[in-house]
Amino acid sequence: MTSRMFKFGVTAASACVGSVLASYTLDRWNSPHVVNNSTQRPPKRKRTLPPRADQIKSLMSGEEFDVLIIGGGATGAGCALDSVTRGLKTALVELDDFASGTSSRSTKLIHGGVRYLQKAILGLDLEQYRMVKEALQERATMLESAPHLTHPLPIMLPVYTWWQVPYYWVGIKAYDLVAGDRNVKSSYYLSKKDALELFPMLKKDKLCGAIVYYDGQQDDARMCLAVALTAARHGATVCNHVEVKELLKKDDGTGKQVLCGAKVKDHISGKEFTVKAKCIVNAAGPFTDSIRKMDNPTVKSICCPSSGVHIVLPGYYSPDQMGLLDPSTSDGRVIFFLPWQRQTIAGTTDLPCEITHTPTPTEDEIQFILSEIKNYLNADVEVRRGDVLSAWSGIRPLVSDPNKDDTQSLARNHIVHVSPSNLITIAGGKWTTYRAMAEHTIDAAIKACNLKPERAEAVTSYLKIEGGQGWTPTMYIRLVQDFGLECEVAQHLAKSYGDRAFAVSKMASLTGKRWPIIGNRIHPEFPYIDAEIRYGVREYACTAVDMIARRLRLAFLNVQAAQEALPVIVDIMGEELQWSKDEKERQIKAATEFLANEMGHTVNRTSKERIPIKLSKEEIQTYIKRFQLIDKDKKGYVSINDIRRALKTFGEADVSGEQLHEILREIDTNMNGQVELDEYLQMMSAIKTGDVAYSRFARMAELEEQKHEAANLKTKISVDRSGGGL
């Protein structure tokens with residue numbers, strides 16, 4: 001046994017030394033290009049953010065832009081910021097909203113890619129190594145540029161086989177080594193006892209220990225929006241809800257047809273117009289090929305879309321400040337289990353899919369994630385289908401490189417391609433490297449289209465993103481003291497808006513209470529307040545979906561809560577945008593469809609409907625009795641008036657009509673405005689099996705039975721009063 005342990009120790013040490021040498025050698029092959037920015041300074045940003053109407057006027061002015069960017073995701077917004085800070089006249093148009101696609105549906109991690117490094121070292125793969133090296137450099141840059149929206153996050157890798165401890169330790173230490181002086185924090189080993197202390201939900205059977213390493217975490221949609229707003233403050237014209245209908249070309253004087261602009265349509269006003277540009281950048285993510293085919297209908301497709309589903313679970317599933325990595329699931333994929341916005345994110349899947357503007361999560365993908373995380377949590381944490389608060393699917397735009405003859409293999413890094421007509425396409429890559437991707441794209445655009453920037457090199461590596469300039473970790477205390485906000489609300493505002501939180505707070509309405517003085521919540525379970533809706537309109541929110549999904553993250557955190565908050569949100573937006581009653585109804589309908597299809601509301605409801613009733617005879621009799629107590633008129637069903645009457649008896653007479661309908665909708669699977677006995681039994685069975693977490697109707701029925709039993713006891717004559725007999 002001693003000899004065996006000695007051999008294994010030598011092997012582990014050799015692997016460690018080998019990884020260090022391999023990393024050093026690869027580093028020598030790939031010395032990062034360092035730009036000397038000591039003598040350069042970015043232009044000063046504007047003090048006020050131009051309203052959307054002014055941005056549309058700028059697009060319609062007929063003036064020629066140096067660069068027109070198509071796509072308002074992370075890459076497109078990054079290109080706009082890079083371009084405008086070099087002194088180029090820049091415009092950006094986005095069909096939907098900023099970050100409405102993949103950029104708001106990520107795992108929320110800022111990372112280099114632990115598994116990519118493993119493949120790079122074991123296979124001496126220079127391309128993979130360069131990809132990890134670049135991502136780790138950009139990880140540090142993102143954490144510095146937007147400190148309010150990003151933070152370091154420790155991630156635990158639990159080990160259940162003793163020989164894997166040194167193996168994983170070596171790999172994670174190599175990850176730190178490649179990051180070099182740009183490393184976030186050093187990784188470390190934890191004993192079984194310490195691992196369970198930090199992550200008490202972890203399964204302890206056969207646990208040998210754990211390795212903890214650091215990556216970054218972000219609010220992806222707000223990060224993308226902040227980059228776009230920073231570009232706007234520097235003078236870029238950025239417009240959401242503007243669709244490119246056609247690319248325009250002209251003769252460059254040599255007989256060559258080159259792009260010179262685009263015909264676009266503003267979906268808010270319905271106006272169509274032409275935008276002139278010397279250079280057009282295609283940053284459309286999964287829709288890259290549709291723009292390429294506008295340029296050349298015969299061009300081959302390069303995008304190979306893949307669906308990645310995430311689910312959101314309650315915060316008690318994970319510690320507040322510790323994530324979990326499952327390095328090898330049943331089908332070889334990696335699954336992350338991460339705290340985020342006081343909830344828990346689990347994902348992701350990786351399946352081929354169709355390119356669509358409305359990707360939807362499936363029940364099979366949700367069940368796969370749930371079954372995998374069960375393997376790592378202890379028996380006290382029952383992983384229930386009913387605990388899924390929200391679910392979404394994002395499309396990864398994996399691409400084959402059109403610069404190479406072999407277009408069958410997928411590029412693992414991003415690619416920049418220049419077409420014969422000078423369409424600059426940036427595709428592939430990942431969130432973490434958005435800034436470097438933008439830099440490479442604008443470099444290519446300057447060269448291909450002979451642009452004349454004020455600054456030849458990018459200045460974005462040391463530029464603070466919107467909200468990051470005056471932010472400090474304790475800034476929220478000033479918000480509490482100066483404005484009278486709740487501490488939780490102040491912390492949320494500081495983390496979401498950075499130094500712009502003061503501007504948001506000034507728009508908050510009085511509560512009429514002793515404390516908090518200002519800041520009426522739009523939903524009691526979340527720290528979002530009314531002022532954020534008004535401020536969100538100034539951040540170019542045009543629809544209710546823009547607000548609930550990307551200005552606020554409510555749709556991603558809890559789809560039911562988002563549905564409940566919709567009327568208040570639409571009312572406030574209606575005041576700001578002068579919506580009619582009909583327009584408000586249209587906005588609520590569109591947002592409800594978005595929550596149902598893209599945020600998992602429908603798949604959650606469907607999962608309830610197909611649950612078989614698994615109750616004992618005694619349980620069925622109990623629930624029938626409760627149902628009949630609420631149905632006092634013996635109609636055979638429970639109406640909304642029955643629910644109102646029951647709540648009044650519990651002292652809840654001030655329940656609004658909307659809240660009554662929400663209670664009804666939880667259980668009304670037949671969608672006929674009433675609760676029937678089979679629906680109630682199905683709900684109770686679902687609660688028993690864990691497919692449904694809770695039901696307000698079920699609790700109300702239980703309380704009704706308790707009240708009935710208590711009333712019966714009062715009518716009985718006691719033994720003392722009866723004299724002890726007949």
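α12 passes α13 in a right-handed crossing. This is a predicted model, so keep that in mind throughout. The axes of α12 and α13 come within 8 Å and cross at roughly 130°.

Who makes the contact? On the α12 side, M475, Y476, L479 and V480. On the α13 side, C487, A490, Q491, L493 and A494. By class, that is eight nonpolar residues, one polar and no charged.

Stay with L493 for a moment. Set aside its neighbours within four places in sequence. What does L493 touch then? L479 and L485, to begin with, and also G498, A501, V504, S505, I529 and E532.

L493 also matters for the next slide, the cores. The largest nonpolar core has 53 residues. L493 is among those with the most contacts inside it, along with L479, L485, I569 and L595. Which helices supply at least two residues each? Here is the list: α12 (475-483), α13 (487-497), α14 (501-505), α15 (530-538), α16 (544-551), α17 (554-557), α18 and α19. The most comes from α18, with nine residues. There is also a second, separate core, of 48 residues.

Helix α18 spans residues 559-577, and helix α19 spans residues 581-597. They pack at an angle of about 155°, with their axes 10 Å apart. Over 145 counts as roughly antiparallel, and α18 and α19 are therefore roughly antiparallel to each other. α18 passes α19 in a right-handed crossing. From α18, the contact uses V559, A562, Q563, L566, P567, V570, D571 and G574. From α19, it uses K584, Q587, I588, A591, T592 and L595. The residues of this contact divide into eight nonpolar, four polar and two charged. Note L595 on the α19 side. L595 is also one of the residues with the most contacts inside the largest core.

Last stop, A438. It sits in helix α11, residues 434-449. Is A438 buried or exposed? Its relative accessible area is 1%, so A438 is buried. Which residues does A438 contact, leaving aside neighbours within four places in sequence? T75, G78, C79 and D82. A438 and L81 are 357 residues apart in sequence. In space, C-alpha to C-alpha, A438 and L81 are 8.4 Å apart.

How values were computed
Residues numbered from 1 in each chain as written. Predicted model: local features only at pLDDT ≥ 70, side-chain atom pairs only at ≥ 80, totals over all residues. Heavy atoms only, no water. Axes fitted to C-alpha atoms, helices over the stretch in contact; angles between N-to-C directions. Helix = DSSP H or I, 4+ residues; strand = E, 2+ residues; numbered from the N terminus. Parallel < 35°, antiparallel > 145°, perpendicular 65-115°, else oblique. Left-handed = near helix turned anticlockwise from the far one by under 90°. Contact = heavy atoms within 4.5 Å. Nonpolar A, V, L, I, M, F, W, Y, C, P; charged D, E, K, R; others polar. Buried < 20%, exposed > 50% of the residue type's maximum accessible area, 1.4 Å probe, protein only. Core = buried A, V, L, I, M, F, W, Y, C linked by side-chain atoms within 4.5 Å.
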